[in-house]
Amino acid sequence: MSATPRLMRRAGIALTALALASTAAACSAGGDAGSAGGSTLTIDTSFVVKSLDPGHVYEATGNTAVHAMYDTLLTFHGSDMTKPQPDLATSYQASADAKTFTFHLRKDATFGNGDKLTADDVVFSLNRLRNLKASPSVTVANLTATKTDAYTVVVHAAKADPNVPVILTQPYTGIVNAKLVKEKGGTDGADAAKTDSAQKYLDGTSAGSGPYLLDSFDASSQLVLKANPKYWGAKPKFSRVVLRNMDVQNQKLTMSRTKGAELALDLSGTMLEGLPKTLQQSSADDTFYFLTLNADPKISKTTSNPAFVQAVRAAIDYTGVAKLFGGNASPAAGVVPPAFPGALPASEAQHQDLAKAKQLLADAGLHDPSVKLMYPSITYRGVDLGTIATKVQGDVKKAGIKLVLDPQPLTSFLNAQQSGKVAMRFSPQSLNYPVAASLVNNLAPGQGTAATTGWTVARADKAVVAAGKKVQQTLDPAAQQRALQDWQRLLNQHSPYIPMAYNSGVVVASPALSGAVYAPAGWQVDIAAVGTK
């Protein structure tokens with residue numbers, strides 16, 4: 001990975017240790033972007049944002065903006081997710097039992113209003129996040145922050161969790177000015193979910209120490225950032241950043257004509273076809289697309305039959321499915337996308353075997369099985385999911401399986417999925433935070449997605465259950481990645497999940513920009529790292 005400006009200005013600090021497109025008016029070439037050497041950077045994206053309060057932010061657009069406004073203890077640079085890097089913490093130590101993490105803060109960080117950032121602000125921010133019990137709070141539900149002095153913070157995990165440093169890179173762990181937020185009704189008390197009233201204030205201004213401050217925010221049209229004059233690090237290249245709410249068709253049209261300093265964040269898959277070759281593209285395979293087949297015989301005797309699952313698995317043309325996602329996609333080997341440590345090698349990608357599929361059905365006495373396949377009727381990352389579902393329908397038909405396509409509006413799909421009564425469904429899936437082991441918390445028998453698929457511990461193969469526990473109990477990162485690979489191989493044999501393809505998030509940038517790197521870390525692109533060549 002090439003060094004970004006943000007990476008370079010922090011070099012030398014040692015460490016120890018599903019979007020829906022909104023429509024905006026079509027824009028003329030370049031929009032209000034300045035020239036590549038000017039002071040305004042324009043970012044076109046389909047807005048997915050509910051709040052800019054770090055304690056509440058959870059969606060893609062909000063995460064991208066909050067990452068620019070609020071520093072975190074640690075961070076990632078560019079697309080490299082291998083190890084958290086220093087941000088507000090210059091170093092940290094983790095205890096051997098992965099329950100205690102001691103962070104040493106830099107002493108020159110100040111908030112946008114000039115107040116010094118100390119351990120009190122970190123303790124307040126992290127405990128407020130947990131006690132707000134908002135969408136991102138579940139990730140830190142087992143964490144408690146205390147201080148030992150003005151520049152040392154200890155984060156305690158109620159149970160062993162070697163991924164705490166990764167969690168503390170996420171925008172929702174951004175550090176707020178405790179004094180200011182308290183004045184505006186904020187609290188980190190145990191009753192914060194009922195008594196904190198600072199969200200409205202934080203949706204209209206910023207109380208962070210990051211390279212940018214919030215200038216204005218209209219959730220329907222645009223979000224404007226301005227450079228923080230009191231930022232402790234090197235000043236960002238652009239003094240003003242405008243995030244515009246724009247659907248993917250207009251993003252493509254605008255980027256095709258742009259002559260300014262401009263990015264697009266939602267062009268992926270086939271939407272990349274036909275763009276001028278002068279535009280830059282940065283991507284990472286951070287999403288997988290998979291089928292889930294309900295394991296509860298009360299929901300479906302067909303999909304709960306392991307032989308049927310394996311027959312579907314053998315009938316799919318994985319290479320053909322990947323081609324439908326465009327040039328950045330690839331056939332899936334497991335549930336961990338290639339962007340993250342712990343992914344299976346490409347050599348283990350699954351392959352179509354129609355003879356095996358037919359034999360599995362015959363051996364199980366399944367004659368002309370028919371199942372309804374539900375999926376969200378949306379275009380995601382430039383690809384109509386109906387196209388993928390139709391391809392799968394055609395593949396399995398060759399083995400004698402009939403799929404009845406059941407497209408649903410996104411909200412209806414999510415509600416039906418949550419009910420646990422869907423026999424078979426298809427959807428994209430990303431990680432809650434950039435560490436692959438977090439998938440175990442969601443996909444293991446009895447957990448989130450598994451529970452909506454009828455896959456209980458009692459119905460699961462004992463080896464799969466044991467392999468998932470081994471991932472969670474393995475604290476050494478390298479050993480955990482090997483355990484993840486073993487777990488995925490067992491999932492491919494015994495689970496109700498069929499991962500089909502990996503696809504990429506993509507940043508498309510105008511030719512004169514530098515540092516416009518796609519980040520599979522939750523914030524898509526580090527705005528402050530974008531400069532000019």
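Author: Let's start with the second largest pocket, where helix α14 (residues 438-443) gives the largest share of the lining, three residues. Bear in mind that this is a predicted model, where local features need pLDDT of at least 70 and side-chain atom pairs 80 or more, while totals for chains, interfaces and linings use all residues. Numbering starts from 1 along each chain as its sequence is written, and side-chain values use heavy atoms, without hydrogens or water.

A pocket here is an open set of points on a 1 Å grid over the protein atoms alone, with protein on both sides within 12 Å along at least five of seven lines; lining residues have an atom within 4 Å of a point. Helices are DSSP runs of H or I, at least four residues, numbered from the N terminus.

The second largest pocket holds about 650 Å³, the space filled by probe spheres set on points joined across faces, edges and corners. It has 22 lining residues, and N142, K159, D161, Y433 and N441 sit closest to its centre. By class, the lining has ten nonpolar, ten polar and two charged residues. (Nonpolar means Ala, Val, Leu, Ile, Met, Phe, Trp, Tyr, Cys and Pro; charged means Asp, Glu, Lys and Arg; the others, Gly among them, are polar.)

The largest cavity holds about 40 Å³. Its lining is L126, R130, V140, L143, V155 and L168, which sorts into five nonpolar, no polar and one charged.

On to helix packing. Helix α9 (residues 306-315) and helix α11 (residues 354-363) have axes 7 Å apart, at about 165°; axes are lines fitted to C-alpha atoms over the stretch in contact, with angles from 0 to 180 degrees between N-to-C directions. So α9 and α11 are roughly antiparallel, the term for angles over 145 degrees. From α9, A307, F308, Q310, A311, A314 and A315 meet L354, K356, A357, L360 and L361 of α11, where contact means heavy atoms within 4.5 Å. That contact comprises nine nonpolar, one polar and one charged residues.

Helices α16 (residues 462-473) and α17 (residues 477-494) come within 9 Å and cross at roughly 160°, which makes α16 roughly antiparallel to α17.

Definitions and conventions: Helix = DSSP H or I, 4+ residues; strand = E, 2+ residues; numbered from the N terminus. Parallel < 35°, antiparallel > 145°, perpendicular 65-115°, else oblique. 1 Å grid on protein atoms, 1.4 Å probe; cavity = no way out; pocket = protein on both sides within 12 Å on 5 of 7 lines; lining within 4 Å.
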